Amino acid sequence: MVEPIVYINGNFVPASQATVSVFDRGFRLGDAVFDTSRTFRHRPYKLREHLERLHRSMHFTRLDPGLSLDEIEAITLQVVEHNVPLLAEHDDVWIHQVVSRGRVRATGAPTLVIMTEPLPFASFARFYTSGVSLITPSIRHTPPQCVDPRVKTVSRLNFVLADLEVQQADPEAYALLLDLEGNITEYTSGNFFIVRQGQVVTPFERGSLGGITRQTLLEFAEELGLSAREADITPYDACTADEAFITSTSKCILPVARLNGIRIGTQVPGPITQRLLDYWSSRVEVDIVAQALSHIASSQE
């Protein structure tokens, strides 16, 4: 049976046979960084920007897999070129690179894994029309004084615990983390935005990862002539906003309906959220909402 391949330290192996040592520091200590991009119409989108961020994370954490950025990009494209022909027409994939420090107490090169994974459209498609609910958990975002949020690390236990807490209250809600001062940082898989009086506002980068998708959204807002800025945003600011949405690699833009049970705005998606979604779809030549919703329809057949 033809199956996806995974690159692990110089070898391309079938996904079913892809393994990493139990002594790897990424598994034992969370000593690893990663990045994730995606495809549109089976073609990588902004892959170079994601790899450049991966390179910054590796440099800061003193990880060197012994390959240049160009070499990692070439290997990634080989993996994608093998795996995307196995997809259905309306499917797309996440593209992952994970770099750990390698085996505990061993000398030698770090572990480098490059793989793809089908995007789980069915898990979030309904929120394009109904809007997602967010809840602020008691778990706070890791302070930047402890780990700089610009490092995309696999150590994400705070996000896992935040999701577990929120899902006890509402299995379909996402966790929206606050910093120690009570300002919104990010949700567990991406960034947060509000719209107030026609202006798009997002939290400062100092307390959260400045996502590639976040930056793309800010660029698109500028191209559309929309005012956009960074600011401290509290739950009060979000609940009293005209609109809210989240951004991430897989979802692009997803409307937010409620925060902590409080309705945001009067319609979902709001007019500016919809305008940004439509513009994004036109730029990638994919109807983002229709693609996601098609996976709900196919799963019910």
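Mentor: Asp148 and Arg150 meet through their side chains in a salt bridge, with N and O 2.9 Å apart. The term stands for a side-chain nitrogen of Lys or Arg within 4 Å of a carboxyl oxygen of Asp or Glu. Behind the term is a simple idea: side chains of opposite charge can pair when their charged atoms come close. Arg150 counts as exposed because its relative accessible area is 54%; exposed means over 50%, buried under 20%, and partly exposed in between, with a 1.4 Å probe and protein chains only.

The model is predicted, so local features need pLDDT of at least 70 and side-chain atom pairs count only at pLDDT 80 or more, while totals for chains, interfaces and linings use all residues. Residues are numbered from 1 along each chain as its sequence is written, and side-chain values use heavy atoms, with hydrogens and water left out.

A second pair is Arg214 with Glu230, a salt bridge at 2.5 Å from N to O. This pair links distant parts of the chain, since Arg214 is in helix H7 and Glu230 in strand E12 (residues 228–230), 16 residues apart. Helices (H or I, at least four residues) and strands (E, at least two) are DSSP runs, numbered from the N terminus. Arg214 is buried because its relative accessible area is 2%, whereas Glu230, at 33%, is partly exposed. Salt bridges that share partners also join Arg48, Glu52, Asp70 and Glu73 into one network.

The count by this rule comes to 16 salt bridges. One further example is Asp31 with Arg101, where the closest N and O atoms are 2.7 Å apart. Here too distant parts of the chain are linked: Asp31 is in the loop between helix H1 (25–29) and strand E3 (32–40), and Arg101 is in the loop between strand E5 (93–100) and strand E6 (111–118), 70 residues apart. Asp31 is buried because its relative accessible area is 14%; Arg101, with 27%, is partly exposed.

Helix H7 (residues 212–223), which holds Arg214, has twelve residues and reaches 17 Å from its first C-alpha to its last, close to the 16 Å expected at 1.5 Å a residue. The expected span is 1.5 Å times one less than the number of residues in the helix. Besides Arg214, the buried residues in H7 include Ile212, Thr213, Leu217 and Phe220. After H7 comes Gly225, with a positive phi near 80 degrees.

Glu73, a member of the network, is one of the buried residues of H3, and the others are Leu69, Ile72, Ile75, Thr76, Val79, Val80 and Asn83. Seen down the axis of H3, they fall within an arc of 165 degrees, so they line one face of the helix. The arc is that of the directions from the helix axis to the C-beta atoms.

Leu47, His50, Leu51, Arg53, Leu54, Ser57 and Met58 are its buried residues. Down the axis of H2 they fall within an arc of 160 degrees, so they line one face. Arg56, His59 and Phe60 are exposed, on the face of H2 turned away from the buried side.

What of the cysteines? The structure holds zero disulfides, a disulfide being a pair of cysteine sulfur atoms within 2.5 Å. Cys146 is exposed because its relative accessible area is 57%, and Cys239, at 16%, counts as buried.

Ala173, in the loop between H6 and strand E8 (174–178), counts as buried at 2% relative accessibility. The C-alpha atoms of Ala173 and Leu134 are separated by 5.4 Å, although the two are 39 residues apart along the chain. Tyr128, in helix H5 (residues 127–130), is buried with a relative accessible area of 3%. Tyr128 and Ser248 are 120 residues apart in sequence and 13 Å apart in space, C-alpha to C-alpha.
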